[in-house]
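Subject: A structure for you to explore

Hi there,

Here is the structure I promised to pass on to you. Have a look at it first, and then read my notes below with the viewer open.

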Amino acid sequence: ARYLAILDETEAALPGDPSLGATMLDAHYLRREWANCLRDLATLREQYPDPYLDAYAGRIEVLAGDPARALALADQTIAAEDSLIDGHDVALLAALALNRTDRAQTELRRLADDHGVDPARLAQQEGYEAILTLPGVATP
């Protein structure tokens with residue numbers, strides 16, 4: 001609670017400051033204000049193009065209920081930096097939300113093979129539960 005109060009105080013003290021997007025991103029995320037998160041990330045991505053920020057925006061799009069946009073951002077991330085785990089993770093989340101089984105299997109296999117992710121353990125995390133419905137995934 002104190003952290004959010006400090007962020008709010010910072011925002012009030014520095015209206016219009018260009019650094020507020022990065023500063024307030026945490027506050028907006030913690031408050032689950034997805035539209036504000038996406039706005040903050042758009043500003044950051046414009047100033048500092050980076051595949052990680054694209055993947056982060058994709059993760060927020062999943063939370064905001066737009067998995068198709070999330071998958072597009074994941075594809076953009078993967079095209080820019082295929083070895084970045086975040087791109088494949090967001091692609092998996094989006095594919096699960098879109099019921100795109102083939103794509104979800106591809107991304108899950110990639111996460112397991114390249115990054116040592118345990119599918120059964122991942123399926124215990126919020127948003128990943130549908131992993132257990134994918135063909136060939138062992139239940140814990």
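The chain has 8 helices and 0 strands, where helices (H or I, at least four residues) and strands (E, at least two) are DSSP runs, numbered from the N terminus. Along the sequence the pattern reads α-α-α-α-α-α-α-α. Please keep in mind that this is a predicted model: local features need pLDDT of at least 70, side-chain atom pairs count only at pLDDT 80 or more, and totals for chains, interfaces and linings use all residues. Residues are numbered from 1 along each chain as its sequence is written, and side-chain values use heavy atoms, with hydrogens and water left out.

**The whole chain**

The C-alpha trace spans about 55 × 30 × 25 Å along its principal axes. Of the 140 residues in the chain, 41% are buried; buried means under 20% relative accessible area, exposed over 50%, and partly exposed in between (1.4 Å probe, protein chains only). The chain exposes about 7700 Å², and carbon and sulfur atoms supply 51% of that area. These areas come from the Shrake-Rupley method with a 1.4 Å probe; for residues, only the protein chains shown count as cover. Among contacts (heavy atoms within 4.5 Å) between residues at least 6 apart in sequence, 41% join residues at least 24 apart.

**Helix α2 and its partners**

Which residues of helix α2 are buried? In this helix, residues 20-30, they are L20, G21, M24, L25, A27 and H28. They pack against α1 (2-13), α3 (34-47) and α4 (51-63).

The axes of α2 and α3 come within 9 Å and cross at roughly 155 degrees. Axes here are lines fitted to C-alpha atoms, for helices over the stretch in contact, and angles run from 0 to 180 degrees between N-to-C directions. The two helices α2 and α3 are therefore roughly antiparallel to each other; angles under 35 degrees count as roughly parallel, over 145 as roughly antiparallel, 65 to 115 as roughly perpendicular and the rest as oblique. From α2, the residues G21, A22, M24, L25, H28 and Y29 meet W34, N36, C37, R39, D40, L41 and L44 of α3. By class, this contact of α2 with α3 has 8 nonpolar, 3 polar and 2 charged residues. Ala, Val, Leu, Ile, Met, Phe, Trp, Tyr, Cys and Pro count as nonpolar, Asp, Glu, Lys and Arg as charged, and the others, Gly among them, as polar.

Helix α5 (residues 67-80) packs on α6 at an angle of about 155 degrees, with the axes 8 Å apart. That makes α5 roughly antiparallel to α6. P67, A70, L71, A74, T77 and I78 of α5 make the contact with G87, H88, V90, A91, A94 and A97 of α6. By class, the contact of α5 with α6 has 9 nonpolar, 3 polar and no charged residues.

On to the next pair: the axes of α6 (residues 85-97) and α7 (residues 101-115) come within 8 Å and cross at roughly 150 degrees. That makes α6 roughly antiparallel to α7. Here I85, H88, D89, A91, L92, A95 and L96 in α6 meet R103, A104, E107, L108, R110, L111 and H115 in α7. By class, the contact of α6 with α7 has 8 nonpolar, 2 polar and 4 charged residues.

What does L108 touch? Not counting residues up to four places away in sequence, L108 touches L92, P119, L122, I131, L134 and V137. L108 is found in helix α7 and is buried, with a relative accessible area of 5%.

Next, two loop residues. Most residues other than glycine have a negative phi. R32, in the loop between α2 and α3, has a positive phi of about 60 degrees although it is not a glycine. R32 counts as exposed, at 55% relative accessibility. N99, in the loop between α6 and α7, also has a positive phi of about 60 degrees without being a glycine. N99 counts as exposed at 66% relative accessibility.

Enjoy exploring!

Best wishes
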